[in-house]
Amino acid sequence: MTEPRSRRRMSGSERREQLIQISRTLFAEKGFDGTSIEEIAATAQVSKPVVYEHFGGKEGVYAVVVDREMQKLLGMITEALAASHSLIKLERAALALLRYIEESSEGFRILVRDSHAASGTGTFASLISEIASQVEDVLADEFAARGYDPKLAPMYAQMLVGMVALTGQWWLDVRKPGREEVAAHLVNLAWNGLTGLNPNPTITATSRAVTNAAKPPQPRQTSEKELRELEKAREKELKEAEKVRQRELKEAEKARVRELKERERLLKEAEKAREREEKIRQREARLAERAARLEQVDHPE
(Lines give C-alpha, C1' and ligand atoms only; values in the text may rest on other atoms or scores of the structure.)
Protein backbone atom coordinates (compact mmCIF):
# COMPACT_ATOMS: atom_id res chain seq x y z
CA MET A 1 0.00 0.00 0.00
CA THR A 2 1.37 3.41 -0.97
CA GLU A 3 2.24 5.65 1.97
CA PRO A 4 0.23 8.92 2.10
CA ARG A 5 2.05 11.78 0.40
CA SER A 6 1.84 13.99 3.49
CA ARG A 7 3.88 11.40 5.39
CA ARG A 8 6.12 10.27 2.51
CA ARG A 9 9.79 11.12 2.88
CA MET A 10 10.80 13.88 0.44
CA SER A 11 13.38 13.18 -2.21
CA GLY A 12 16.46 15.42 -2.40
CA SER A 13 15.04 17.46 -5.30
CA GLU A 14 11.67 17.84 -3.57
CA ARG A 15 13.32 19.01 -0.36
CA ARG A 16 15.46 21.44 -2.31
CA GLU A 17 12.40 22.89 -4.07
CA GLN A 18 10.54 23.16 -0.76
CA LEU A 19 13.43 25.10 0.80
CA ILE A 20 13.59 27.42 -2.22
CA GLN A 21 9.87 28.23 -2.01
CA ILE A 22 9.99 28.78 1.76
CA SER A 23 13.07 30.99 1.44
CA ARG A 24 11.44 32.95 -1.39
CA THR A 25 8.47 33.81 0.85
CA LEU A 26 10.69 34.75 3.81
CA PHE A 27 13.06 36.86 1.69
CA ALA A 28 10.10 38.71 0.15
CA GLU A 29 8.62 39.41 3.59
CA LYS A 30 11.74 40.18 5.63
CA GLY A 31 14.57 40.75 3.18
CA PHE A 32 17.94 38.99 3.13
CA ASP A 33 19.26 40.37 6.42
CA GLY A 34 15.96 39.81 8.22
CA THR A 35 15.84 36.11 7.29
CA SER A 36 17.90 33.49 9.11
CA ILE A 37 18.88 29.91 8.36
CA GLU A 38 17.18 28.94 11.62
CA GLU A 39 13.88 30.41 10.39
CA ILE A 40 14.14 28.70 6.99
CA ALA A 41 14.87 25.35 8.64
CA ALA A 42 12.11 25.76 11.25
CA THR A 43 9.50 26.64 8.61
CA ALA A 44 10.49 23.59 6.56
CA GLN A 45 10.55 21.48 9.75
CA VAL A 46 14.09 20.33 9.13
CA SER A 47 17.40 20.87 10.90
CA LYS A 48 19.85 23.59 9.87
CA PRO A 49 22.38 21.07 8.44
CA VAL A 50 19.77 20.09 5.83
CA VAL A 51 19.72 23.67 4.50
CA TYR A 52 23.52 23.81 4.57
CA GLU A 53 23.68 20.48 2.73
CA HIS A 54 21.59 21.78 -0.16
CA PHE A 55 22.83 25.38 -0.44
CA GLY A 56 25.89 25.87 1.75
CA GLY A 57 24.21 28.70 3.66
CA LYS A 58 21.73 31.54 3.40
CA GLU A 59 23.73 33.19 0.59
CA GLY A 60 23.42 30.03 -1.52
CA VAL A 61 19.65 29.73 -1.35
CA TYR A 62 19.28 33.50 -1.85
CA ALA A 63 21.35 33.31 -5.04
CA VAL A 64 19.12 30.54 -6.42
CA VAL A 65 15.93 32.47 -5.60
CA VAL A 66 17.20 35.70 -7.18
CA ASP A 67 18.49 33.91 -10.28
CA ARG A 68 15.12 32.21 -10.83
CA GLU A 69 13.22 35.47 -10.57
CA MET A 70 15.60 37.35 -12.85
CA GLN A 71 15.46 34.61 -15.50
CA LYS A 72 11.67 34.44 -15.29
CA LEU A 73 11.24 38.19 -15.78
CA LEU A 74 13.89 38.40 -18.50
CA GLY A 75 12.22 35.55 -20.37
CA MET A 76 8.85 37.30 -20.30
CA ILE A 77 10.33 40.61 -21.47
CA THR A 78 12.36 38.94 -24.23
CA GLU A 79 9.26 37.15 -25.50
CA ALA A 80 7.33 40.43 -25.52
CA LEU A 81 10.02 42.16 -27.59
CA ALA A 82 9.68 39.52 -30.31
CA ALA A 83 6.60 41.30 -31.72
CA SER A 84 6.91 42.89 -35.15
CA HIS A 85 5.61 46.45 -34.65
CA SER A 86 7.42 48.76 -32.21
CA LEU A 87 4.21 49.91 -30.55
CA ILE A 88 3.21 46.28 -29.94
CA LYS A 89 6.70 45.55 -28.56
CA LEU A 90 6.33 48.41 -26.09
CA GLU A 91 2.81 47.42 -25.06
CA ARG A 92 3.71 43.78 -24.54
CA ALA A 93 6.89 44.61 -22.62
CA ALA A 94 4.93 46.85 -20.23
CA LEU A 95 2.22 44.21 -19.87
CA ALA A 96 4.85 41.51 -19.28
CA LEU A 97 6.42 43.43 -16.40
CA LEU A 98 3.06 44.17 -14.82
CA ARG A 99 1.94 40.55 -15.29
CA TYR A 100 5.12 39.36 -13.59
CA ILE A 101 4.47 41.75 -10.69
CA GLU A 102 0.88 40.56 -10.44
CA GLU A 103 1.66 36.84 -10.61
CA SER A 104 5.05 36.85 -8.85
CA SER A 105 4.73 39.62 -6.29
CA GLU A 106 7.06 37.87 -3.86
CA GLY A 107 9.74 37.52 -6.52
CA PHE A 108 9.48 41.17 -7.55
CA ARG A 109 9.71 42.28 -3.90
CA ILE A 110 12.94 40.30 -3.57
CA LEU A 111 14.43 41.85 -6.72
CA VAL A 112 13.62 45.45 -5.74
CA ARG A 113 14.04 45.09 -1.98
CA ASP A 114 17.56 43.74 -1.70
CA SER A 115 20.64 44.81 -3.63
CA HIS A 116 22.71 42.24 -1.80
CA ALA A 117 26.11 41.08 -3.01
CA ALA A 118 25.37 37.61 -1.75
CA SER A 119 23.08 36.92 -4.66
CA GLY A 120 26.04 36.46 -6.98
CA THR A 121 23.77 37.14 -9.93
CA GLY A 122 23.46 40.91 -9.82
CA THR A 123 20.95 43.42 -8.54
CA PHE A 124 17.71 44.93 -9.79
CA ALA A 125 19.76 47.68 -11.44
CA SER A 126 21.74 45.10 -13.43
CA LEU A 127 18.48 43.39 -14.41
CA ILE A 128 17.11 46.69 -15.71
CA SER A 129 20.34 47.18 -17.66
CA GLU A 130 19.92 43.76 -19.29
CA ILE A 131 16.38 44.61 -20.35
CA ALA A 132 17.51 48.04 -21.56
CA SER A 133 20.17 46.44 -23.74
CA GLN A 134 17.44 44.48 -25.54
CA VAL A 135 15.23 47.56 -25.89
CA GLU A 136 18.25 49.44 -27.19
CA ASP A 137 18.42 47.25 -30.30
CA VAL A 138 14.73 47.88 -31.01
CA LEU A 139 15.13 51.64 -30.61
CA ALA A 140 18.27 51.73 -32.74
CA ASP A 141 16.36 50.23 -35.68
CA GLU A 142 13.48 52.66 -35.17
CA PHE A 143 15.82 55.65 -34.93
CA ALA A 144 17.65 54.65 -38.11
CA ALA A 145 14.36 54.18 -39.99
CA ARG A 146 13.12 57.61 -38.88
CA GLY A 147 16.37 59.47 -39.54
CA TYR A 148 17.39 59.87 -35.88
CA ASP A 149 20.88 59.20 -34.53
CA PRO A 150 21.04 55.49 -33.53
CA LYS A 151 23.84 56.33 -31.07
CA LEU A 152 21.21 57.88 -28.83
CA ALA A 153 19.33 54.57 -28.54
CA PRO A 154 21.15 53.40 -25.34
CA MET A 155 20.20 56.58 -23.50
CA TYR A 156 16.57 56.39 -24.60
CA ALA A 157 16.46 52.69 -23.69
CA GLN A 158 17.52 53.50 -20.11
CA MET A 159 14.89 56.26 -19.94
CA LEU A 160 12.14 54.02 -21.24
CA VAL A 161 12.93 50.95 -19.14
CA GLY A 162 13.53 53.07 -16.03
CA MET A 163 10.12 54.71 -16.42
CA VAL A 164 8.38 51.33 -16.73
CA ALA A 165 10.34 49.74 -13.86
CA LEU A 166 9.68 52.56 -11.41
CA THR A 167 6.00 52.55 -12.32
CA GLY A 168 6.00 48.80 -11.65
CA GLN A 169 7.50 49.35 -8.19
CA TRP A 170 4.78 51.87 -7.42
CA TRP A 171 2.03 49.59 -8.78
CA LEU A 172 3.32 46.64 -6.71
CA ASP A 173 1.57 48.07 -3.64
CA VAL A 174 -1.29 50.19 -5.00
CA ARG A 175 -2.57 47.80 -7.74
CA LYS A 176 -4.85 50.54 -9.09
CA PRO A 177 -5.73 51.10 -11.85
CA GLY A 178 -5.69 47.64 -13.46
CA ARG A 179 -2.78 46.11 -15.34
CA GLU A 180 -3.96 46.93 -18.87
CA GLU A 181 -4.88 50.49 -17.94
CA VAL A 182 -1.48 51.15 -16.35
CA ALA A 183 0.25 49.67 -19.41
CA ALA A 184 -1.87 51.80 -21.74
CA HIS A 185 -0.91 55.00 -19.92
CA LEU A 186 2.76 54.00 -19.81
CA VAL A 187 2.76 53.41 -23.56
CA ASN A 188 0.76 56.61 -24.07
CA LEU A 189 3.50 58.67 -22.43
CA ALA A 190 6.36 56.77 -24.05
CA TRP A 191 4.86 56.63 -27.55
CA ASN A 192 3.09 59.99 -27.82
CA GLY A 193 5.07 62.17 -25.43
CA LEU A 194 3.54 64.84 -23.21
CA THR A 195 2.56 67.02 -26.16
CA GLY A 196 0.64 64.26 -27.92
CA LEU A 197 -1.03 62.42 -25.04
CA ASN A 198 -4.22 60.57 -25.83
CA PRO A 199 -6.85 61.48 -23.18
CA ASN A 200 -8.29 57.95 -23.24
CA PRO A 201 -5.51 55.46 -24.11
CA THR A 202 -6.18 51.74 -24.43
CA ILE A 203 -4.09 48.69 -25.24
CA THR A 204 -4.33 47.51 -28.85
CA ALA A 205 -6.53 44.50 -29.53
CA THR A 206 -3.47 42.52 -30.66
CA SER A 207 -1.67 42.90 -27.33
CA ARG A 208 -4.87 42.31 -25.37
CA ALA A 209 -5.46 39.03 -27.17
CA VAL A 210 -1.93 37.83 -26.45
CA THR A 211 -2.22 38.86 -22.79
CA ASN A 212 -5.52 37.07 -22.29
CA ALA A 213 -4.16 33.92 -23.87
CA ALA A 214 -0.94 33.93 -21.86
CA LYS A 215 -0.43 31.13 -19.38
CA PRO A 216 1.07 31.73 -15.95
CA PRO A 217 4.84 31.52 -16.28
CA GLN A 218 6.41 28.30 -15.06
CA PRO A 219 9.49 28.48 -12.85
CA ARG A 220 12.64 27.86 -14.86
CA GLN A 221 14.29 24.60 -13.89
CA THR A 222 17.87 24.94 -12.80
CA SER A 223 20.15 23.34 -15.41
CA GLU A 224 22.79 20.72 -14.68
CA LYS A 225 25.50 23.28 -15.42
CA GLU A 226 24.00 25.73 -12.94
CA LEU A 227 23.70 22.97 -10.34
CA ARG A 228 27.38 22.13 -10.81
CA GLU A 229 28.33 25.80 -10.50
CA LEU A 230 26.24 26.15 -7.35
CA GLU A 231 27.82 23.00 -5.96
CA LYS A 232 31.30 24.35 -6.72
CA ALA A 233 30.39 27.63 -5.04
CA ARG A 234 29.09 25.72 -2.02
CA GLU A 235 32.26 23.62 -1.81
CA LYS A 236 34.39 26.76 -2.10
CA GLU A 237 32.39 28.42 0.65
CA LEU A 238 32.76 25.36 2.90
CA LYS A 239 36.52 25.25 2.23
CA GLU A 240 36.85 28.94 3.06
CA ALA A 241 34.84 28.41 6.24
CA GLU A 242 37.11 25.48 7.17
CA LYS A 243 40.21 27.61 6.56
CA VAL A 244 38.81 30.32 8.79
CA ARG A 245 38.00 27.74 11.47
CA GLN A 246 41.49 26.23 11.31
CA ARG A 247 43.04 29.69 11.47
CA GLU A 248 40.92 30.53 14.50
CA LEU A 249 41.93 27.26 16.16
CA LYS A 250 45.62 28.00 15.55
CA GLU A 251 45.23 31.51 16.94
CA ALA A 252 43.42 30.13 19.98
CA GLU A 253 46.19 27.54 20.51
CA LYS A 254 48.87 30.24 20.23
CA ALA A 255 46.97 32.38 22.72
CA ARG A 256 46.69 29.39 25.10
CA VAL A 257 50.43 28.70 24.82
CA ARG A 258 51.21 32.37 25.48
CA GLU A 259 48.90 32.30 28.49
CA LEU A 260 50.61 29.18 29.89
CA LYS A 261 54.05 30.69 29.41
CA GLU A 262 52.94 33.89 31.09
CA ARG A 263 51.49 31.88 33.99
CA GLU A 264 54.75 29.92 34.32
CA ARG A 265 56.74 33.15 34.31
CA LEU A 266 54.55 34.64 37.03
CA LEU A 267 54.83 31.45 39.11
CA LYS A 268 58.62 31.50 38.79
CA GLU A 269 58.75 35.14 39.77
CA ALA A 270 56.49 34.44 42.75
CA GLU A 271 58.71 31.50 43.78
CA LYS A 272 61.84 33.65 43.51
CA ALA A 273 60.13 36.33 45.57
CA ARG A 274 59.26 33.74 48.24
CA GLU A 275 62.87 32.49 48.21
CA ARG A 276 64.17 36.04 48.63
CA GLU A 277 61.76 36.66 51.48
CA GLU A 278 62.85 33.39 53.14
CA LYS A 279 66.52 34.34 52.83
CA ILE A 280 65.80 37.76 54.29
CA ARG A 281 63.82 36.18 57.14
CA GLN A 282 66.63 33.72 57.86
CA ARG A 283 69.25 36.48 57.77
CA GLU A 284 67.19 38.60 60.12
CA ALA A 285 66.79 35.61 62.43
CA ARG A 286 70.57 35.05 62.49
CA LEU A 287 71.20 38.74 63.16
CA ALA A 288 68.68 38.68 65.98
CA GLU A 289 70.32 35.58 67.45
CA ARG A 290 73.78 37.15 67.24
CA ALA A 291 72.53 40.35 68.84
CA ALA A 292 71.04 38.31 71.70
CA ARG A 293 74.39 36.56 72.33
CA LEU A 294 76.27 39.86 72.32
CA GLU A 295 73.75 41.24 74.77
CA GLN A 296 74.45 38.33 77.13
CA VAL A 297 78.22 38.93 76.90
CA ASP A 298 77.91 42.63 77.64
CA HIS A 299 75.50 42.16 80.52
CA PRO A 300 76.18 38.87 82.26
CA GLU A 301 73.93 38.06 85.15
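In which loop is the place of arginine 175?

A: Arginine 175 sits in the loop between helix 8 and helix 9. Helices here are DSSP runs of H or I with at least four residues, strands are runs of E with at least two, and both are numbered from the N terminus. The model is predicted: local features need pLDDT of at least 70, side-chain atom pairs count only at pLDDT 80 or more, and totals for chains, interfaces and linings use all residues. Residues are numbered from 1 along each chain as its sequence is written, and side-chain values use heavy atoms, with hydrogens and water left out.

Start with the torsion. Arginine 175 is not a glycine, yet its phi is positive, near 60°. Its relative accessibility is 30%, so it counts as partly exposed (buried is under 20% relative accessible area, exposed over 50%, partly exposed in between; 1.4 Å probe, protein chains only).

Lysine 176 and proline 177 are joined by a cis peptide bond, with omega about -5°. Proline 177 lies in the loop between helix 8 (153–174) and helix 9 (179–192). For context, most residues other than glycine have a negative phi, and most peptide bonds are trans.

Elsewhere, glutamine 45 also has a positive phi, about 60°, although it is not a glycine. Glutamine 45 is in the loop between helix 2 (37–44) and helix 3 (48–55). It is exposed, at 73% relative accessible area.

UniProt, in an unreviewed entry, places a "DNA-binding region" at residues 36–55. Such annotations may be inferred rather than shown by experiment; positions follow the numbering used here, and feature names are shortened. Residues 36–55 are 80% helix and 0% strand, with end C-alpha atoms 13 Å apart.
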